[in-house]
Amino acid sequence: MILLNGEQSELASGETLAAALERLGVTTEQRGVAVAVDGEVVPRAQWRSLVLSEHARVEVLSAMQGG
Amino acid sequence: MADAMSGRSPVRQDAATHNGARAAGVDAAPPATDPLAIAGRTLRSRLVMGTGGFSSLALLADAIAAGGSELVTVALRRIDPAARGSLIDVLDAAGVELLPNTAGCHTARDAVLTARLAREAFATDWVKLEVIGDEDTLMPDAPELLRAAEELVEEGFVVLPYTTDDPVLARRLVDVGCAAVMPLGSPIGSGMGIRNPYNISLIREAVDVPVVLDAGIGTASDATLAMELGCDAVMVASAISRAEDPVRMAAAMRAAVNAGRLARTAGRIPRRLHARASTPDEGLADLA
């Protein structure tokens, strides 16, 4: 089971991070977005190539209003 | 827009003409104080604005224009696919620099990871480091803050830590390489102003990096006091975004920060217990 922003996803292991992002409507060129997998930052250059493992925890973050 | 802020003077008209990005009707004249340098970056405005709490992105954009801020904070949160409008696009259009924060982090580990994510998302090494130790007061967790600051400086970040009004902690933060310190005046969002002005003065004396008063500002006079105490800038979030008229309050904060800076650099008169006449006695008529 791959967790996408804390929720169980239909993603299967072996899919790429880019596929996960696509489910959230995020493109690999989108500005103001950062991704962590299993608590580690994934640089944008690796978004297309990174293959997700079976229990991956994917966090996709973007700019939010804040103090 | 209120009459008080409508463009009437020739200077203002000229400035507005040369700065089309400013919201219509808002004073676009350059601030009347000396610029501020933080980590090699020059800021003409000494008002740092938070972007949180505004009811719409349009209101945020108008408030930034009215406040004249060049540096604004942003947070990182899980992306909301249903979100309307892009905060990044609005801030780009406003021409401001981003200061990502680590709001909501309670450990050095979380804060460091959030800062790394922010660097990736916003392409900036700058971070407003917040490590919260208590949910009721949102006061910083000093040991975790210091640990996170040290690690982030080592990783090349320009670290601006949100800290308590403790001059010793401020000095320790500067010792590990922070580019500025951001002491609180009172708890975040409390609007209680500066509860210990003497400590803010002591922090000013204790460190040789910019001091940015952060948290607790409730109204314009609080911001002026911060600058009079020697702060180099003031960070204002809720006091603007949650005011009844945020755009007008942003204009007030701009004027307040400038007034305080001018007063600080002008050198105030010492306080005296007794009166000292400003009119000379010499030449006084003998009317007895």
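Helices here are DSSP runs of H or I with at least four residues, strands are E runs of at least two, and both are numbered from the N terminus. With that, E144(B) sits in helix α5 of chain B, residues 142-154.

Some ground rules before I go on. This is a predicted model, where local features need pLDDT of at least 70, side-chain atom pairs count only at pLDDT 80 or more, and totals for chains, interfaces and linings use all residues. Residues are numbered from 1 along each chain as its sequence is written, chains are lettered from A and ligands numbered from 1 in the order in which they are written, and side-chain values use heavy atoms, with hydrogens and water left out.

Back to E144(B). Is this residue buried or exposed? E144(B) counts as buried, at 18% relative accessibility. The cut-offs are under 20% relative accessible area for buried, over 50% for exposed, and partly exposed in between, with a 1.4 Å probe and protein chains only. The E144(B) side chain reaches the backbone nitrogen of A108(B) at 2.7 Å. Beyond neighbours within four places in sequence, E144(B) is in contact (heavy atoms within 4.5 Å) with H106(B), T107(B), A108(B) and V131(B).

Now the interface. 26 residues of chain A are in contact with 29 residues of chain B. The two chains bury about 2200 Å² between them, 59% of it on carbon and sulfur atoms. That area is the accessible area, 1.4 Å probe, that two parts lose on being put together, summed over both. Which three residues lead on the chain A side? M64(A), Q65(A) and G67(A) supply 27% of the area chain A buries against chain B, more than any other three residues.

Next, polar links across the interface. There are 12 residue pairs in polar contact, both at pLDDT 80 or more. A polar contact is a pair of N or O atoms within 3.5 Å; within protein, one must be able to donate a hydrogen and the other to accept it, and residues adjacent in sequence count only if both atoms are side-chain atoms. On the chain A side, β5(A) gives the largest share, seven residues. Three salt bridges join chain A and chain B. The rule there is a side-chain nitrogen of Lys or Arg within 4 Å of a carboxyl oxygen of Asp or Glu. One salt bridge is R78(B) with E59(A), at 2.7 Å, N to O.

Strands cross over too. β5(A) pairs with β4 of chain B, residues 71-78, antiparallel, over five bridges. Pairing needs at least two DSSP bridges between the strands. Q65(A) has V74(B) as its bridge partner in β4(B).

Inside chain B there is an open three-stranded sheet, order β6-β7-β8, with parallel pairing. Its edge strands are β6 (126-129) and β8 (182-183). Y162(B) stands opposite M182(B) in β8(B).

Last, salt bridges overall. R261(B) and D34(B) meet at 2.7 Å, N to O. R261(B) lies in helix α10 and D34(B) in the loop between α1 and β1 of chain B, so the pair ties together parts 227 residues apart in sequence. R261(B) is buried at 13%; D34(B) is partly exposed at 31%. K128(B) and E130(B) also form a salt bridge, closest N and O atoms 3.2 Å apart, and both residues are buried. In chain A, E10(A), E15(A) and R23(A) are linked in a salt-bridge network.
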